Amino acid sequence: MSPFNVYQVNLKDKGMMRIILGLALLFASFSSLAATDTIVCSTCGDFKAKAKAAGVGIHYVVNPLSGEVRKYNVVYIVRQGLVPRDMPVEQAVINFAQFAVAKKDSPVQLIDTDALPGNAYELVEYPQLQATVGNYLKEHGIGYFQDMLTYIGAVGSVVGFDVKAFDLTIRVHMPDGSSALFIYNHTTQTWEMVENSARDASNNIVPETVEDVSGGPGHTIIYQFDNVNDLANFLDRMQMLGVQITGPIGSNPGRPLVCVTDPETGVTSCSPG
């Protein structure tokens, strides 16, 4: 082979090396430029598989029920495909996750005043009272609220971690023993009542709609009352919703009420059990 031919081969080898190097840098750039995100994984058992399925990029995979947080950098490797690599989770993220789980459904007792609902039936009936309770939580749940803002602020500089992956909730207890769950809205920075979370002092659901009374056509919900006030408030609520009460009720709270919706007519009614 002449020196000229050798020189040509070397040029070809160098050209191929440049192509390979360029492709490697291209894949690396894709990995570094890919968005960092947060993936909720409440029931899956394989966090790495969840991250891999999300594709190239940096992914936080969180279980909001247990507070477990993992972080992976998913890269593409020739002949291997997508490979998730473990990354250390920032301490601020760990602290926030632990706080969210430990403080989940923290109890707050409302004071007995005309400005606040005395029971869950009032809370459901008057939406403006829900906003009043939300403001009360911001002003009087000082310890919890300040701690929450501290943890949220600490993770604010962590790129890609979404605090909304964890629900920050408070169980509000009213003077009569009834309660409702409130959740923090990160966008509006307000506390909002969770739909269908209100329970009276007898632990019955406080229906927000006619469908809630029975659970829908073909379903049945049995209400058991431990006190006269819950029974009276429930009957008033049924009247407001236009639900039929059949049979003698009386004032005895010990007798259950069975509520059903006829699948053919769609009519919801309640009767003594």
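**Disulfides first**

Guide: Happy to. A disulfide joins Cys 41 to Cys 44, with an S to S distance of 1.3 Å. Keep in mind that this is a predicted model.

Visitor: What's the handedness of the link between Cys 41 and Cys 44?

Guide: The link is left-handed, with -90° about the S-S bond.

Visitor: How many disulfides does the structure hold?

Guide: Two. In the other pair, Cys 259 and Cys 270 have their sulfur atoms 2.0 Å apart.

Visitor: What's the pairing, in sequence order?

Guide: Numbering the bonded cysteines along the protein, it is 1-2, 3-4.

Visitor: Nice. Switching to helix H8: what span should it have?

Guide: H8 covers residues 228-241, and at 1.5 Å a residue its 14 residues should span 20 Å. The expected span counts one less than the number of residues. The end C-alpha atoms are 20 Å apart, which agrees.

Visitor: Which residues of H8 are buried?

Guide: Asp 230, Leu 231, Phe 234, Arg 237, Met 238 and Leu 241. They cover an arc of only 125° around the axis, which puts them on the same side of H8.

Visitor: Why does that kind of spacing work?

Guide: An α-helix has 3.6 residues a turn, so residues three or four places apart point the same way.

Visitor: What covers the buried residues of H8?

Guide: The cover includes helices H4 and H7 and strands S9, S10, S11 and S12. On the face turned away from the buried side, H8 carries the exposed residues Asn 229 and Gln 239.

Visitor: And what happens at the start of H8?

Guide: A side-chain oxygen of Asn 227 comes within 3.1 Å of the backbone nitrogen of Asn 229. After H8 comes Gly 242, with a positive phi near 80°.

Visitor: One last thing: where is Ser 179?

Guide: Ser 179 is in strand S7, residues 179-185. Ser 179 is buried, with a relative accessible area of 9%.

Visitor: What does its side chain make a polar contact with?

Guide: The side chain of Arg 171, at 3.2 Å. Beyond its neighbours within four places in sequence, Ser 179 is in contact with residues including Ala 120, His 173 and Ser 197.

Technical notes: Residues numbered from 1 in each chain as written. Predicted model: local features only at pLDDT ≥ 70, side-chain atom pairs only at ≥ 80, totals over all residues. Heavy atoms only, no water. Helix = DSSP H or I, 4+ residues; strand = E, 2+ residues; numbered from the N terminus. Buried < 20%, exposed > 50% of the residue type's maximum accessible area, 1.4 Å probe, protein only. Arc of directions from axis to C-beta. Contact = heavy atoms within 4.5 Å. Polar contact = N/O pair within 3.5 Å; in protein donor to acceptor, adjacent residues only side chain to side chain. Disulfide = S-S within 2.5 Å.
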